[in-house]
Amino acid sequence: MSQKPEARGNVTGREPEARGNAMGREPGAGGNRAVVSQGPELLPIATTRQTCSFIWRMPAARRRHANAIMVLAFFLAGGAGLVAPWALGGIADDVAAGRDTLLPAALIIAGAALAGALAGGAAVVMLARVGEPALAELREQALTRVLRLPADRLERSTTGDLLSRLSDDVRTVSEAMKGVVPVIANSAVAVVFTVAGVLALDWRLGLAMLCAAPVYVLGLRWYLPRSRPLYREQRIAQGERAEALLSGVGSAPTARAFGIGPLLLRRIDETSKRSAQVSVSVYRRSLQFLNRNNLAELIGLSMVLLAGFLAVRDHATTVGAVTAAALYFLRLFGPIGGLLFTFDRFQAMGAALARLVGIASLPPPAEPDADSTVREGEIALIGVGHEYVPGRPVLRGIDLRITPGERIALVGATGAGKSTLGAIAAGMVRPATGSVLAGSRSRRILVAQDPHAFAGTVRDFLTLAEPVAADEDVWQALAATFADRWVAALPEGLDTVIGDAGHHLTPHQVQHLALARIVLGDPRFVVLDEATAEAGSASARDLDRAAEAAMRGRTALVVAHRLTQARPADRILVMHDGQIVEEGTHDRLLALDGRYAGLWRAWSGSRTVR
């Protein structure tokens, strides 16, 4: 049986759904006809400016009270960290002067440590309350945009790229918010407070400490332009590796049948090696950066000690002040090290965010064209043409008006363009040329040949078309399509969990539910793309009855695999090479003795057209 890649899955609900095809097949050609691949087209990646702007606009990321508490807590934690070096410097001066202030200083240090711990904990809690809802919202928006992408756009991308964004990238951002962002925030506050504290203690010591700043800056200027491309390349390489693994596992039976297993394994090996090599390059670059920072620490501490020695010798400052300044600078090793050691993970988070924002900021799907001459339930295709590969048209100059309540059947040989025309009429694919006009409230639903059982309960599966439907409405839709008896016989009825991890349904049963979902969704226009073609003889009769009930009273376009499905249609359109070559009723087309008559003879096994 032929399968149309552009029509995979049972598309229901207000927006048609498309499942991507990573095997380089031409969706509109009908059947699994291979085409010359032009290489995958990755989904967009946002720039740094676009990412920051998008995150700032997100409502969940702008909870003012939580943000204010979080910022205040980070500042309190940073301020508390200044107390211990200051107190130890005071102890040094007191010891030199013969005073005993050890116990009060110890209590001050302990209190500051407790206050810093509490403030740091509060900051992390507030960060989670702000960041996790924002991340969840970002992921939902990204997934929503992907589900509403045109099928041909998904075809040009890869499954691995998409899954790595919605899984690996989300995990990267989530882990960074828990382990990286708090470190960076605490470290940044500590650096600013420490520099200010040393300058207030003695400006000479502060200037000496700042001698390390140029070395840090030069190190960053060397590192940043070299590391950003590496992190982006790392994420892309991980997506390619995921794509190779997914396609290899998914096509394992075919690979065994044709003996191409070693070819797929070699591809997996190559993408895995590439991902590992990029990761090694990232870590090598990070180590080179850290060597430059060690030099900065050596220069800074040496300059503080030298300036302190000269100032104490000239009686310009005290030993306690120099001690405090040296401790302050030593204290910076941790925050600066935290900034630098987590900088690679922070950049990885930035790259992951850019990939998520890239798809979350995609424009929403365009609304169908509207025209005052098009009535509700009517669809008009004007000059429609389409191609999936430039220079290889699948449809050419299609002009078609389907009036309300009319049933149209599309027939033709495999590759004639039937499924592409049906997908365009359903709003699943936007045509390359021409326009599709529909009433402003003309809801459209497509049911495809290849059934897909969404994970969840039977109720969830059906109410995808009408989320607020009551159980009474669900049962009425099942009864209307003659599916109520076998659904009631399931272990838990509507609450039976189906999908990969649930109760197994046959393809016939999944398709039966999809037809019931049409009745529940109550669209004005429905496209059945060989929705009953794959069933066995007994199942075909059941599905034909259900399809007839689902189409009753609606405008319908039927892509007919069996010509008996086309016979009762109001009009039959015969397609060949992307064009409509014959049009009429069953009897009229037989009388013409043209292409349809030849198809009917081949189908019925009769030498006559009757």
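**View 1. The salt bridge between arginine 401 and glutamate 378 in the predicted model**. In this predicted model, the side chains of arginine 401 and glutamate 378 form a salt bridge whose closest N and O atoms are 3.2 Å apart. The pair links distant parts of the chain, with arginine 401 in strand 2 (residues 392–402) and glutamate 378, 23 residues apart from it, in the loop between helix 13 (343–360) and strand 1 (379–389). Glutamate 378 counts as buried, at 2% relative accessibility, whereas arginine 401 has a relative accessible area of 36% and is partly exposed.

**View 2. The salt bridge between aspartate 577 and arginine 396**. Here the closest N and O atoms of the aspartate 577 and arginine 396 pair are 3.5 Å apart. Distant parts of the chain are again linked, since-numbered 181 residues apart: aspartate 577 belongs to the loop between strand 10 (571–576) and strand 11 (579–584), and arginine 396 to strand 2. Aspartate 577 is partly exposed, with a relative accessible area of 43%, and arginine 396 is likewise partly exposed, with a value of 33%.

**View 3. The network of Glu233, Glu240 and Arg274**. Salt bridges with shared partners join Glu233, Glu240 and Arg274 into one network. A search of the whole structure finds 13 salt bridges.

**View 4. The salt bridge between aspartate 269 and lysine 273 in helix 11**. The side chains of aspartate 269 and lysine 273 meet in a salt bridge with an N to O distance of 3.3 Å. Both residues lie in helix 11 (residues 261–313), where they are four residues apart, about one turn of the helix. Aspartate 269 counts as partly exposed, at 37% relative accessibility, and lysine 273, with a relative accessible area of 48%, is also partly exposed.

**View 5. The buried face of helix 16**. Within helix 16 (residues 471–480), the buried residues are Val474, Ala477 and Leu478. Seen down the axis of helix 16, these buried residues fall within an arc of 100°, and they therefore line one face of the helix. The partners against which the buried residues of helix 16 pack are helix 15 (458–463), helix 17 (484–488) and helix 18 (507–521).

Definitions and conventions: Residues are numbered from 1 along each chain as its sequence is written. This is a predicted model: local features need pLDDT of at least 70, side-chain atom pairs count only at pLDDT 80 or more; totals for chains, interfaces and linings use all residues. Side-chain values use heavy atoms; hydrogens and water are left out. Buried means under 20% relative accessible area, exposed over 50%, partly exposed in between (1.4 Å probe, protein chains only). Helices (H or I, at least four residues) and strands (E, at least two) are DSSP runs, numbered from the N terminus. The arc is that of the directions from the helix axis to the C-beta atoms. Contact means heavy atoms within 4.5 Å. A salt bridge is a side-chain nitrogen of Lys or Arg within 4 Å of a carboxyl oxygen of Asp or Glu.
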